[in-house]
Every structure is written in structure tokens, then in C-alpha cells.
Amino acid sequence: MADTQHPTPRFSTSEVTVVFLLGGPGSGKGTQSANLVRDYGFVHLSAGDLLRAEQIREGSQYGELIRTYIREGKIVPMEITVALLSNAMADALKNGAGAGEGKKARFLVDGFPRKLDQAVFFEDTVCPSELTLFLDCPEEVMEKRLLKRGETSGRDDDNAESIRKRFRTFVDTSMPVVTAFEERNKVVSVSATGSVEEVYARIQDGFKARGVHQQ
């Protein structure tokens, strides 16, 4: 009889590599993701981008719900986020991600898991992660970056009040994820201050030490 407590993950670690990318709002996740996609062949999946796209997708059953959660700075129910990520991974594989001799598809999951229960749910139902890359950045640096971005981004959560709410949410809910993975020796923690190039060099060193090489 199947064990209903422990579902089989949809993807196997023999076919895909999943790296979680965590860091506070404004720590540089988007910028560094682009570097990792270019040099390491990652497929970049941003939980936030998927949610933002879903909330405006015509006929979406989740759209209004997602809008409300995002507006109030709350975390969207994990079943929705995980379903969107899982389907995006399946689409990427269908479209040839990781195709080639002996090549595993690499997924960089950006801004997720935001809470410990999300991490557990994702690893149980989608795929166990290989590593978590944590961009460690002081709050005042992130605030400065976000307020600057808010001048041009058009994102309604790039304002001082929303930013502070997002900081609190990150510290309260996401740092326990980093701590839990650190206890399992699955975190590459990188100081995210300085230039984009300096931060990226630290990431490359951290990956090299863990046997993750450029493709």
C-alpha cells in the first residue's frame, strides 16, 4: 500500500538539480540569477515572477487570491506557489532543458522557499534540493537599492512601507529556512555587498567548493 504521508517527488535528483536562491528583498537575486543562467546553464524560476504572471493570466483560478496576498505583503499559500514551480519545471524539461549527453537540467529557484513548511513540501512533492545559495545583505543596503529601483520599476511594493514589511517577513519566516539547510550542510552563504562582479566571484568560489561547475 502506498504511504500517503510521503508522496514520491515528481522529479528525481538523477534527472534534475535544484538550487534554491534566498536573500532579502533587494539583495541582488535577479541580477545574480542572470549570471548563473549564462555561465552555469540554470533555468531560472522566480516564484515572484510566476505569481505575478499568474495573477494577470486570463482565466486563472488563483489570480484574485494572489493579488490580495501580494498587496497585503503576505505569503501566498504554498500549494499554489509549488504547483506553479512544478509545472514550470515540467515545461522546461519538455522544451529540452538539460538535453544533451549526461547533462542534468539545472533549476535555480529564486525567492523560494519563503518558509520552512514550503521547503519541506517542495522537497517531498517536487524534488529534493542540492543547495541553497543565500545572499547575505545588510538591511540598509537593501532598502537603498529597492527605493532606487522603485523610481523606475513600477512595482507597487517598492515603497518604504512595503519594503519594511517585506524585511520583517523575510527575517521572521525565511531565515529559519536558511538555518535548517545550514544544519544539513546545504547552504552556500555569500556576502552580497560590493559590486555585482565581487558578489558573483564569491558565488563562483562557493559553488566550486561544492563541486558545482560551469557548463
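Ser27 occupies the loop between strand S1 (16-23) and helix H1 (29-40), where helices (H or I, at least four residues) and strands (E, at least two) are DSSP runs numbered from the N terminus. The model is predicted, and local features therefore need pLDDT of at least 70 and side-chain atom pairs count only at pLDDT 80 or more, while totals for chains, interfaces and linings use all residues. Residues are numbered from 1 along each chain as its sequence is written, and side-chain values use heavy atoms, with hydrogens and water left out.

With a relative accessibility of 2%, Ser27 counts as buried, a class defined as under 20% relative accessible area, against over 50% for exposed and the range in between for partly exposed (1.4 Å probe, protein chains only). Residues up to four places away in sequence not being counted, Ser27 touches Leu135, Cys137, Met142, Arg145 and Ala192, contact meaning heavy atoms within 4.5 Å. Ser27 also belongs to a "binding site" feature that UniProt (unreviewed entry) places at Gly26, Ser27, Gly28, Lys29, Gly30, Thr31, Arg149 and Gly194; UniProt positions are given in the numbering used here, feature names are shortened, and annotations may be inferred rather than shown by experiment. From this set, Gly26, Ser27, Gly28, Lys29, Gly30, Thr31, Arg149 and Gly194 are taken into the lining of the largest pocket. On a 1 Å grid over the protein atoms alone, a pocket is an open set of points with protein on both sides within 12 Å along at least five of seven lines, and lining residues have an atom within 4 Å of a point.

A further "binding site" annotation in UniProt (unreviewed entry) covers Arg52, Lys74, Ile75, Val76, Gly111, Phe112, Pro113, Arg114, Gln118, Arg155 and Arg166. These residues span 115 residues in sequence, and their farthest two C-alpha atoms are 24.9 Å apart, so they do not all gather at one spot. The lining of the largest pocket includes, from this set, Arg52, Lys74, Ile75, Val76, Gly111, Phe112, Arg114, Gln118, Arg155 and Arg166.

Within this annotation, Ile75 is located in the loop between helix H3 (63-71) and helix H4 (78-94). Its C-alpha lies 7.8 Å from that of Arg114, although Ile75 and Arg114 are 39 residues apart in sequence. Neighbours within four places in sequence aside, Ile75 is in contact with Tyr69, Arg114, Lys115, Gln118, Thr169 and Thr173. Arg155, in the loop between helix H6 (139-153) and helix H7 (160-183), is partly exposed at 26% relative accessibility, and beyond four places in sequence Arg155 touches Arg52, Arg149 and Arg166.

Helix H5 (residues 116-125) packs against H7 at an angle of about 55°, with their axes 8 Å apart; axes are lines fitted to C-alpha atoms, for helices over the stretch in contact, and angles run from 0 to 180 degrees between N-to-C directions. H5 and H7 are therefore oblique to each other, as angles under 35 degrees count as roughly parallel, over 145 as roughly antiparallel, 65 to 115 as roughly perpendicular and the rest as oblique. Leu116, Ala119 and Glu123 of H5 meet Thr173, Pro176, Val177, Ala180 and Phe181 of H7 in this contact.

Lys186, in the loop between H7 and strand S5 (187-191), is buried with a relative accessible area of 13%. Beyond four places in sequence, the residues touched by Lys186 include Glu123, Thr132 and Phe181. Thr132, in strand S4 (residues 131-136), is buried at 0% relative accessible area, and its contacts outside four places in sequence are with Phe20, Leu22, Phe181, Lys186, Val187 and Val188.

Key: 1 Å grid on protein atoms, 1.4 Å probe; cavity = no way out; pocket = protein on both sides within 12 Å on 5 of 7 lines; lining within 4 Å.
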